[in-house]
Amino acid sequence: MSKVEEQNYFKNEFIDFIKNLFCNFVHRKYVILMSTVKIGIIGLGYVGLPLARLFATKYAVVGFDINQQRVNELMAGKDSTLEVAPDALKTVLVGASTSEKGLFCTTDIQDIKDCNYYIITMPTPVDKNNTPVLIPLLAASKTVAKVLKKGDVVIYESTVYPGATEEDCIPVLEKESGLVFNQDFFAGYSPERINPGDKINTIDKILKITSGSTPEIAKKVDALYASVVTAGTYLAPSIKVAEAAKVIENSQRDINIAFVNELAKIFNLMGINTHEVLAAAGTKWNFLPFKPGLVGGHCIGVDPYYLAHKAKEYGYHPEIILAGRRVNDSMGTYVAAEVTKLMIKKDVAVKDAAILVLGITFKENCSDVRNTRVVDIVKELEDFGTKVTVYDPCADPKEVFAEHGVVSQKNQPNMKFDGIVLAVAHTEFKDIDLKKLQKEASIIYDVKNYLSSKIVDKTL
């Protein structure tokens, strides 16, 4: 080794030593800060509760919700959304708000006043014109502002358009608290990636995007999530980048599903089985494995409208995003029309026909009925003059009626039907004996390609 090489070697060794020393200092600093953390989770629904339970395994957590019935059931160790198992919930519950690790749920705002991190997990729906509705998010911001203190950090998890956190939510926090943003209090954004009903890809096993309103706060927010999310975190360079990343995740999926839904319509006219086509095309290594179906729920069927709304503010009218939405929003009506055509072809009278729809939730093995597009099938079939019975063992009939005005039942009906439509692939439906539910002349339509092909007349 030459003298120059030797000097460069020791120079690089010294630089690495300083880097490691600095990193260790920063790590220790954040560990110390984390030991004083108390987290307030605002909203205890499908997103808030799993998040609260996870954080409660390491920190003092107060879950706040305005629904007293929801709080009561959670403190009793029960979760009606079925996202958190009773044992897992009971393990972290504590009887009162403390500085020790554990979860306490409440409707009293005074119970969250000593938190220093507030995580807002409110729904972000659209109205009948598909315009973003930020009312729940802004209301939650106003609630947090009442107890906001100097040094506190407010983190948003709701899916929004780029800019919503800093342009819509932060002004509410400033106005209601009298504090100055990025001087007295700070903000972060870490979009939720909860997959309702999925017991394998749980919140701790899904990589988390994080961001903060300043470089220092971004590191704190990232360290907070990294301490409980075993899959790791990805620190985005800004809040707007994190917001945009989340909203395009679901928009991309929506567009891909719209493509295969359009293929299903085309191949149906040609007399070709769409699923057989997809299986053949899927033998290529880079073919994307999307399937046709109904697109609902509080994410994929909603989020593209948030991105489109913001794009229009900048004078750009999105073509592909909205075209995909139109295709997917039309699928319920399309399925109903296909069902009636199938009945006519098999000489099954449509008017006053008894139709059984299996499933009403927006996805399989999940109790969530928000923005479910199965409702479109039900209402369209009723418009054709049929009498529809909805059977879903996962959905709460009261919630279904309150949300959509549709009557449903949790128990299997004891009668025979002229037509059966499998709309949701709940596990309970896999082994159901449909012969006992069929009249002699009847049809079975499988939206999800879930049932045995031997008994199904047609699939989407």
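**Cavity, pocket and helices in a predicted model**

Tutor: In this predicted model, the count comes to 1 cavity of 30 Å³ or more.

Student: How much space lies in the largest cavity?

Tutor: The largest cavity holds about 50 Å³ of space.

Student: And which residues line the largest cavity?

Tutor: Its lining consists of V47, E157, E192, R193, I194, I203, I206 and K208. By class, 4 of the lining residues are nonpolar and 4 are charged, with no polar residues.

Student: Turning to pockets, how much space lies in the second largest pocket?

Tutor: The second largest pocket contains about 1100 Å³ of space. It is lined by 38 residues, and those closest to its centre are N195, R253, I300, K363 and E364.

Student: What is the make-up of that lining by class?

Tutor: The lining of the second largest pocket has 17 nonpolar, 10 polar and 11 charged residues.

Student: Which element gives the most to the lining of that pocket?

Tutor: Helix α8 gives the most, with 5 residues.

Student: At what angle do α8 and α6 pack?

Tutor: Helix α8, residues 239–270, packs with helix α6, residues 164–177, at an angle of about 110°, and their axes are 9 Å apart. Therefore α6 is roughly perpendicular to α8.

Student: Which residues make the contact?

Tutor: From α6 come A164, T165, E166 and E167, while α8 supplies I239, K240 and E243. The residues of this contact divide into 2 nonpolar, 1 polar and 4 charged.

Student: A new topic: which residue caps the N-terminal end of α14?

Tutor: D396 caps that end of helix α14, which spans residues 397–404. A side-chain oxygen of D396 lies 3.0 Å from the backbone nitrogen of K398.

Student: And what follows α14?

Tutor: G405 follows α14, and the phi of G405 is positive, near 70°.

Conventions. Residues numbered from 1 in each chain as written. Predicted model: local features only at pLDDT ≥ 70, side-chain atom pairs only at ≥ 80, totals over all residues. Heavy atoms only, no water. Axes fitted to C-alpha atoms, helices over the stretch in contact; angles between N-to-C directions. Helix = DSSP H or I, 4+ residues; strand = E, 2+ residues; numbered from the N terminus. Parallel < 35°, antiparallel > 145°, perpendicular 65-115°, else oblique. Contact = heavy atoms within 4.5 Å. Nonpolar A, V, L, I, M, F, W, Y, C, P; charged D, E, K, R; others polar. Polar contact = N/O pair within 3.5 Å; in protein donor to acceptor, adjacent residues only side chain to side chain. 1 Å grid on protein atoms, 1.4 Å probe; cavity = no way out; pocket = protein on both sides within 12 Å on 5 of 7 lines; lining within 4 Å. Points joined across faces, edges and corners; volume = space filled by probe spheres on them.
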